[in-house]
Amino acid sequence: MESLIEIRDLTFGYDSIPVLERVSLDILDRDYVLVIGPNGGGKTTLLKLIMGIVRPWSGSIRLREGLEGRLGYVPQFSSFNKNFPITAREMVLTGCIDGKNYFRRYGSQDRDRANRILDKMGLYELRRRNVNDLSGGQIQRVLIARALVAEPEVLLLDEPTTSVDITSRATILDLIGELNEQMAVVVVTHDPTPFAPVYRHLACLNRHLYYHGREGLDATVMEKVYGCPVELLGHGIPHTLLTDH
Amino acid sequence: MLDVLSYAFMQNAIAASILASIICGVIGPFIVARRMVFISGGLSHTAFGGLGIAYWMGANPLYGAVVFVLGAAVAMAGLEKKVDSSDLLIGIFWALGVAIGIVFIHMTPGFTPDLMTFLFGNILTVPRSDIVTALALVILICLVVFVFFKGFVSIALDEDYARARGIPVDALNLCMMVLMALSIVIMLQVVGIILVIALLTIPVAIAREITFHFRRVMVLSALWGISICLAGLAISYIAELPAGAAIILLGAFILGLIKAGKWFSRRLFLGRKAAR
């Protein structure tokens with residue numbers, strides 16, 4: 001099966017210090033890829049490379065034909081400018097903007113789609129509220145809605161459950177699961193526990209991509225990724241995936 | 001009192017106030033939302049260098065300021081990506097501009113300008129020709145912001161996301177810097193270097209107390225800018241105070257009133273809630 005996204009030997013860093021080295025990864029149709037690893041391991045950078053926000057030093061990222069502009073990006077909670085006054089609906093609408101239409105007005109199609117997605121995300125009642133007055137879980141859903149309004153075929157989420165409470169976490173997990181029926185999903189997180197029952201494909205990233213497959217993890221791989229696995233994995237990787245230490 | 005309106009200098013002052021306020025409504029909200037207030041401070045001080053050189057050459061100081069501020073804006077937009085600390089850059093441009101201005105004004109023979117005029121401007125001496133230039137620039141700035149509004153908003157809100165969506169972030173950022181530079185030059189004529197910063201921020205701060213819809217913030221900023229400028233002019237005429245300073249003091253006073261009013265009403269509301 002042809003990959004949706006094919007990443008080969010990707011190397012990238014900041015200020016001559018490599019953050020990612022020779023990373024290769026395939027994202028398939030309807031995939032649910034969980035990219036885990038310690039903070040500073042290059043997870044966010046990997047998403048930024050895929051989204052074209054930064055350019056790789058070497059290596060390639062190939063998108064399947066027709067996929068250009070169909071990647072939905074849900075950046076980390078803290079990434080956008082909280083000082084910008086904007087309503088939830090306006091923020092979702094900014095997801096319609098791309099390199100070709102940023103000088104045009106929003107069309108009625110854009111508005112309809114935004115309304116539909118706000119409704120689906122349970123945000124319709126809140127559409128006129130200032131984004132900064134919303135709760136963590138609601139803001140996270142606004143960020144997902146912004147990505148969905150461009151009708152993506154792959155959804156890439158950066159720490160989608162980190163800044164939300166337990167109830168919202170369950171809602172967001174269900175939502176991602178539901179979306180996965182229509183599109184491939186890539187989730188980047190340092191805390192994979194909530195995703196243990198749902199992911200299909202696991203990648204462990206700490207500068208190198210240590211593991212990439214569907215089978216269970218073993219302790220040696222985890223040790224390489226995290227350095228010292230026992231403490232870090234206390235509430236990390238689901239225990240069933242690990243062999244005994 | 002109304003017969004003062006028949007004087008040409010007053011008409012020019014009113015026209016300049018309205019034009020400057022429109023600018024502050026169009027550009028100010030972006031500057032405030034993007035926390036670029038001190039970039040605008042740095043840019044307005046580099047203008048001083050241009051003014052100094054223009055005086056020394058005997059040219060129209062407006063042109064000197066335009067060249068300097070535009071140059072600084074382009075340099076800042078370009079260097080910001082390479083230099084880690086844009087803060088550092090702003091400080092250097094700020095000081096350098098003022099130093100160049102002072103050196104050239106010092107070298108200009110027989111010319112001892114009042115430095116206060118540069119700092120606080122003199123809205124009552126704005127010549128008609130500057131009003132025409134300002135009007136042209138206002139139209140240009142409004143047109144550009146109108147056309148690229150969505151792009152500017154998406155960059156101000158989330159630059160990485162805009163990049164991910166293929167929006168030409170660097171080009172639009174440069175464009176915004178140039179617009180900011182041009183705005184500053186217009187406003188220099190009205191309230192002077194230091195108070196450019198105030199006019200870009202106070203009306204916006206008032207508008208942001210009232211609404212969180214970005215477009216409404218823009219419109220309200222412009223309207224508050226006009227009201228404050230005109231009322232400030234009237235106060236300065238009646239109380240014989242410097243116009244620029246009167247405008248800004250009035251603006252700050254109104255902002256303080258609104259903030260205090262909101263604080264008290266919140267206390268009152270919470271108090272009632274607790275009593276229940």
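Me: How many residue pairs are in polar contact across the interface of chain A and chain B?
Reply: The model is a predicted one, and both residues of a pair must have pLDDT 80 or more to be counted here. A pair of N or O atoms within 3.5 Å is required.

Me: Which elements of chain A give two or more residues to the side that touches chain B?
Reply: The residues on this side of chain A divide into 16 nonpolar, 10 polar and eight charged. The elements that contribute two or more residues are helices of chain A, namely H1, H2 (88–93) and H4 (136–148).

Me: What is the distance between the closest N and O atoms of A:Arg146 and B:Asp158?
Reply: Between chain A and chain B the count of salt bridges is three. A salt bridge requires the nitrogen and the carboxyl oxygen to lie within 4 Å. A:Arg146 and B:Asp158 form such a bridge, and their closest N and O atoms are separated by 3.0 Å.

Me: Which three residues supply more of the area that chain A buries against chain B than any other three?
Reply: Chain A and chain B bury about 2900 Å² between them, with 57% of it on carbon and sulfur atoms. Of the area that chain A buries against chain B, 24% is supplied by three residues: A:Asn83, A:Phe84 and A:Tyr102.

Me: Why is helix H1 of chain A described as largely enclosed by the rest of the structure?
Reply: A residue is buried when its relative accessible area is under 20%. The buried residues of H1(A) include A:Leu46, A:Leu47 and A:Ile50, and also A:Lys43 and A:Lys48. Helix H1 of chain A covers residues 43–51 and is largely enclosed because, of its nine residues, the number buried is eight.

Me: Which cysteine sulfur is nearest to that of B:Cys24, and how far away is it?
Reply: A search of the whole structure finds zero disulfides over all chains. B:Cys24 is buried, because its relative accessible area is 0%. A disulfide would need two cysteine sulfur atoms within 2.5 Å. For B:Cys24, the nearest cysteine sulfur is that of B:Cys229, at 7.3 Å.

How values were computed:
Residues are numbered from 1 along each chain as its sequence is written. Chains are lettered from A and ligands numbered from 1 in the order in which they are written. This is a predicted model: local features need pLDDT of at least 70, side-chain atom pairs count only at pLDDT 80 or more; totals for chains, interfaces and linings use all residues. Side-chain values use heavy atoms; hydrogens and water are left out. Buried means under 20% relative accessible area, exposed over 50%, partly exposed in between (1.4 Å probe, protein chains only). Helices (H or I, at least four residues) and strands (E, at least two) are DSSP runs, numbered from the N terminus. Buried area is the accessible area (1.4 Å probe) that two parts lose on being put together, summed over both. A salt bridge is a side-chain nitrogen of Lys or Arg within 4 Å of a carboxyl oxygen of Asp or Glu. A polar contact is a pair of N or O atoms within 3.5 Å; within protein, one must be able to donate a hydrogen and the other to accept it, and residues adjacent in sequence count only if both atoms are side-chain atoms. Ala, Val, Leu, Ile, Met, Phe, Trp, Tyr, Cys and Pro count as nonpolar, Asp, Glu, Lys and Arg as charged, and the others, Gly among them, as polar.
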